[in-house]
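Okay, thanks for coming, everyone. Let me put the model up on the screen and walk you through it.

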Amino acid sequence: MIIAAIGFVLGAWLLQQQAVLPSALYWLIPFLLLMAYKFAKPQSIYFNLNNRLVNHCFIFLTALSIGFCWAATFAQIRLSDELPKNWQQKSIHIVGVVATLPEQTERGVRFHFDVEQILTKDESLNVPRHIALTFYPKISVKSASTFNTSSSASFKTDFHAGQRWQFSVKLKRPHGTYNPHGFDFEAWALAQNIRATGTISNKSGNKKLQDFVIRPAYLVEYCREKIGNRITDSLAGKPYAGVIRALVIGDDSQITTDDWAIYLRTGTNHLMSISGLHITMLAGLAFALTAFIWRRIPRLVLLMPTRKAATIVGLAIAILYACLAGLSIPTQRTLFMLMTFALALLLGRNLAISRALAIALIVVVLIDPWAVIAPGFWLSFAAVAFIAYVTVGRLQAPHWLTAAIHTQWAITLGLLPILMVIFGQTSIVSPLANAFAIPIISLIVVPFSILGSLLPTDIVLHSAHAVLQWCMLGLNWLANLPIAVWQQAAPPLWALLAAVLGVLWLLLPRGFPQRWLGFVLLMPLFFVHLNKPNLGAMQVNVLDVGQGLSVVIKTANHVLLYDAGSRYSSQNDAGSRIVVPYLRGEGIKKLDSFIVSHQDADHSGGAASVLAQMPIDWLATSFDMPEDWQAKRHVKCIAGQSWQWDKVEFQVLHPSKSSYQHIDIKDNNRSCVLKVSSQFGSILLTGDIEQSAEAELLATNQLRHDILLTDVLIAPHHGSKTSSTDDFVQAVGAKQVIFTVGYLNRFKHPKPIVEARYASNGAANYRSDFHGALQVNFSQNEPPNIASWRELKPRYWHDKYIIADTNR
């Protein structure tokens, strides 16, 4: 069973690494393997089925092929329900049901929607069954230009789970930014069965058709919404109301970014939403309470044995709590394991924990083949596996304190390799933080929060929040320790495998010989070779931040960041979501320089997060530094500034010193323009300059011959028609041009006329929305090599895009 489960899961994981889906003929592989196993003679000249190793290999390969084909079949079915490309961003009238609890944001409300009927009649139109919609109410220009954490409470919407509505919507196919060490939104959307995203029109055409559609899934979401609103109203203004809400209904959208940073640094993030641990603890409390009452009533004992009755009640509580959580992967794993154990107990059979874990693995992947690409899947199952490894089969039960310490040590050490590979960091203070946080959160905060959300009085909820607040004091202190977190670049696969073997070796019973080998096997995990350019060479990484810009330039011993992308909300920006994870994933622990070209939100929006999370030697901007930014040294960009790192030349070409005296100059035209030159080629970063700034640069180009001439250009202002004049394009003479734009952005950048202008000048055009992140290597005596992340790491769920003329 265990070998079959591992093979099945790895088969599903292998499918998720494919660039294209296989044909249905792949089902012949497991069929032929099963036939070969059935009709092969027990003893043959080729293999001996009585040999245990051969038998296990046969089972593993068969399960591997079945898992691969099962996941492929699911993927084919799900991908077939798609929105035609030619219907993107067009008005469509639909009827359906609000399928999830609406999530309030600073600008509006969003929810999943089950489409029942398409009112727009066209043979070519297909609207997927499950979509994600956002509604933006009409707000003033002033409020639209700022982000306010309290703005979500300033408007109310009429959308509630289970309601049937008629909407006028504009949809697009799932698409997100795609970067190394970043989040793949398209994979997440496929796993959630969201086959289109869009917005609801503010104009007429929207109307509610029915208050509630009776269906079990909608009833669960309705209850989650009511309980969530009860918590929000009761704890209004409380700092950790979002955490209480997450612990009760699994909605962690209200937890602030700062709080998430604390939980990540202390390794307690798994406690701050409904997790398998909470479900187990709650089911255990229900079991103990039921058994305590049941055995004291003789009539009940005669009706059913105490242990079976307590098991049924504990399982029922676990199922209800898991439904409140929306059946996330950790809750599924725990629920299926509890159901397996409960069934075995009710049938009077003993079941090993390894077999229960194997059954849970198979059931989770059978229901959701995309679970294998979620970090939570590997972390939750690995945690249970390591607990079982160190606790099951011992001849003598240790003291409870010894057992607790040993279990915490096993989880910390066991999850270390996985955390380093997935997140590039691990919490050093995690054992201490979890030692007091687990019992407080699971045994006090969670039960009181659930009870308080169901009672008409607020005192229980306020008590739960008070206990959580005291717990946060300890977590805050631990998170602020300088040694709280170890961070480094993600290790290679061979180091991960060696580290897992090392962990298993170290967790062997005391007295086992040569335990030092475990530490030896762990060492490669922490000595990662960083891929740095050679002296005189450079690597330029243009990150995909949507409609915005962020570029990381690496020389042999230095790193420069140019811009930090957009700010999406007060709690969410490209700096924390894309830039910092990329820097940490690459093993970059500090920036030598950070240049913010100008103050537009799509260039400076993520800067505060970068400054707060990464040490920086000096910051350069074309505007006064905001009060909430933290920098040791700040300078203004002035044309003529230059420096050299590792035989690579950096030159600031714009703005001029005198331009700071003219307050009427647009922010765009005061963008810091940077040229970086190596012996193998050069790149020009232009920010959002427009025609007047380009004219100034052209005048400078005449005085300083060919100062604008470059091999690679980041197109000014994302390819806007207000930039990239004919004279500028010819003076730059770039053979490769990169447009950093958002997918189907409202500005319709880049303009086709601008793309054509560069193409007619002999340039190859690249777009971040089509290519993802782009890596430009200047390391050989040949044209710079540009690698697209969507081409380097393609997946079958990614759409394929064609640029009219890339000259490639």
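Start at Asn-541, whose bridge partner in strand E25 is Gln-775. Before I go on: this is a predicted model, where local features need pLDDT of at least 70, side-chain atom pairs count only at pLDDT 80 or more, and totals for chains, interfaces and linings use all residues. Residues are numbered from 1 along each chain as its sequence is written, and side-chain values use heavy atoms, with hydrogens and water left out.

Back to that bridge. Strand E10, residues 538-542, and strand E25, residues 774-778, run antiparallel to each other, paired over 5 bridges. When I say two strands pair, I mean DSSP finds at least two bridges between them. The helix and strand names are DSSP runs numbered from the N terminus, with H or I of at least four residues for helices and E of at least two for strands. As a reminder, strands of a sheet pair through backbone hydrogen bonds, either parallel or antiparallel.

Zoom out, and you'll see an open sheet of 8 strands with mixed pairing, in the order E17-E16-E15-E12-E11-E10-E25-E26. Which strands stand at the edges? Those are E17 (634-636) and E26 (785-788); each has a single partner strand, so one side of each has no neighbour in the sheet. From one strand to the next, the twist averages 20 degrees.

Helix H20, residues 574-585, packs on it and touches E10, E11 (551-554), E12 (559-562) and E15 (591-596). Contact here means heavy atoms within 4.5 Å. The direction of H20 makes about 20 degrees with that of E11; axes are lines fitted to C-alpha atoms, for helices over the stretch in contact, and angles run from 0 to 180 degrees between N-to-C directions.

Okay, cysteines. How many disulfides does the count come to? It comes to 1, taking a disulfide as a pair of cysteine sulfur atoms within 2.5 Å. The bond is between Cys-637 and Cys-672, with 2.2 Å from S to S. The torsion about that S-S bond is about 95 degrees, so the disulfide is right-handed. Follow the chain and you'll find that the pair links distant parts, 35 residues apart: Cys-637 is in the loop between E17 and E18 (642-645), and Cys-672 is in the loop between E19 (648-654) and E20 (673-678).

Buried or exposed, that Cys-637? Cys-637 is buried, at 1% relative accessibility, and Cys-672 is buried too, at 2%. My cut-offs are under 20% relative accessible area for buried, over 50% for exposed and partly exposed in between, with a 1.4 Å probe and protein chains only.

Cys-57 is partly exposed at 40%. The sulfur of Cys-223 has its closest cysteine sulfur in Cys-323, 10 Å off, which is too far for a bond. Cys-223 is also partly exposed, at 34%.

On to charges. The structure holds 20 salt bridges, each a side-chain nitrogen of Lys or Arg within 4 Å of a carboxyl oxygen of Asp or Glu. Take Glu-186 and Arg-790, at 2.8 Å from N to O. Glu-186 sits in helix H5 (185-191) and Arg-790 in helix H27 (789-792), 604 residues apart, and both residues are buried.

Then there's Asp-624 with Lys-636, at 3.2 Å. Asp-624 lies in the loop between E16 (616-621) and E17, and Lys-636 in E17, so the pair ties together parts 12 residues apart in sequence. Asp-624 is exposed at 59%, while Lys-636 is partly exposed at 27%. There's also a network of salt bridges linking Lys-590, Asp-592, Asp-617 and Lys-632.

Last stop: Arg-767 and Glu-755, whose closest N and O atoms are 3.8 Å apart in a salt bridge. Arg-767 is in strand E24 (764-767) and Glu-755 in helix H25 (752-760). Arg-767 is buried at 12%, and Glu-755 at 13%.

So which residues of H25 are buried? They are Val-754, Glu-755, Arg-757, Tyr-758 and Ala-759. Their cover includes E22 (712-714), H24 (726-732), E23 (736-739) and E24. After H25 comes Gly-762, with a positive phi near 90 degrees.
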